[in-house]
Structures are given as C-alpha cells and as structure tokens.
Amino acid sequence: IYQSYSLSSGINAEYGDDEKPLEENIRKLMRISDAEGELKMESVAEGDIDVSMLDPNDVFLVDLGNHLYVWIGDGASKAESKNGMSYANNYLVSKTDRFSCPITVVTQGRAHQLYKEIS
C-alpha cells in the first residue's frame, strides 16, 4: 500500500500498489539572488521554462514536478551558492507536498541533464 503524507494533516490517502496519486506537473522557476542587498527568492516563470531564462549571475530552483534542481550560475555569489540547497528544502516543505522529491544541485557548465529536460 502506498500512502501520501502531508505535514499539516498526516496521512492524506491510501492507494493500492498499482495506483498512484496524480501529481500536478506544473513546471516552476524561482530565482535566488542577493543583487538588491539581501538574499531572497522570487518566482520567475510557471509552465513553460526555457534554458535562456537562467541568469549566470544567480541561483535558480527549477521545479519539474518530479524533480527539483538547484542550478548555480557561474557568476552567482557565495551566499547564493551556499544557500541554494536550504532554499530548495524550504520550498519543498512550505510550497509543495512532495517531501521526498529528489533534489539535484548542478552548476552552469554541468547541467546537461537539466537542459535536456527543459528544452
């Protein structure tokens, strides 16, 4: 038996072995930046996401629904780079119900799999 959990209400539903809950697969792109003097995260796009939206001077969370990527641009500050994973964890806990979603950190020059998935 497969069980879906939520922090707020405990077990949401039970599913048989051959059934899985339908997940919303809306792609989302969030920028983590300290360009204005303080580190913050802002939504950039929802739905269609393209590689050209990634700015090398920042860190981005790329939510593909079944996988969350932390993309670190070559020009990202130390604070942005250091805090990307923390923002990813907080995002999954506070904005989604996918607590066991895989998170992968990729740097700008080594994000080939991510580029394939969003192109």
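Q: Before we start, what counts as a salt bridge here?
A: A salt bridge is a side-chain nitrogen of Lys or Arg within 4 Å of a carboxyl oxygen of Asp or Glu, and in this predicted model D58 forms one with R31, the closest N and O atoms being 2.8 Å apart.

Q: Where do D58 and R31 sit?
A: D58 lies in the loop between strand 4 and strand 5, while R31 is in strand 3, so the pair ties together parts that are 27 residues apart in sequence.

Q: And are D58 and R31 buried or exposed?
A: Both D58 and R31 are buried; for R31 the relative accessible area is 18%, and it counts as buried because the cut-off is under 20%.

Q: Which residues are in the salt-bridge network with R31?
A: The network links R31 with E42, D55 and D58. The side chains of D55 and R31 meet at 3.4 Å, N to O, and since D55 lies in the loop between strand 4 and strand 5, that pair ties together parts that are 24 residues apart in sequence. E42 and R31 also meet at 3.4 Å, N to O, and here E42 lies in strand 4, so the parts joined are 11 residues apart in sequence.

Q: How accessible are E42 and D55?
A: E42 is partly exposed at 38% relative accessibility, and D55 is partly exposed as well, with a relative accessible area of 24%.

Q: How many salt bridges does the structure hold?
A: The structure holds 4 salt bridges.

Q: Switching to helix 1, where does it bend?
A: Helix 1, which covers residues 78–95, bends by about 45° at G84. From its first C-alpha to its last it reaches 25 Å, close to the 26 Å expected.

Q: Which residues of helix 1 are buried, and what do they pack against?
A: The buried residues are E80, G84, A88, Y91 and L92, and they pack against strands 3, 4, 5, 6 and 7.

Q: What about T96, what does it touch?
A: T96, in the loop between helix 1 and strand 7, is in contact with D63 and Y91, leaving aside neighbours within four places in sequence. A polar atom of the T96 side chain also lies 2.7 Å from the backbone oxygen of L92.

Q: Last topic: what is in the largest nonpolar core?
A: The largest nonpolar core has 13 residues, and those with the most contacts inside it are L29, L54, V62, W71, L114 and I118. Strand 5, strand 6 and helix 2 each give two or more residues to this core. A second, separate core of 12 residues includes V70, A76, Y91 and L92.

Note on methods
Residues numbered from 1 in each chain as written. Predicted model: local features only at pLDDT ≥ 70, side-chain atom pairs only at ≥ 80, totals over all residues. Heavy atoms only, no water. Helix = DSSP H or I, 4+ residues; strand = E, 2+ residues; numbered from the N terminus. Expected span 1.5 Å × (residues − 1). Bend = angle between axes of the 7 residues up to and from the residue. Buried < 20%, exposed > 50% of the residue type's maximum accessible area, 1.4 Å probe, protein only. Contact = heavy atoms within 4.5 Å. Core = buried A, V, L, I, M, F, W, Y, C linked by side-chain atoms within 4.5 Å. Polar contact = N/O pair within 3.5 Å; in protein donor to acceptor, adjacent residues only side chain to side chain.
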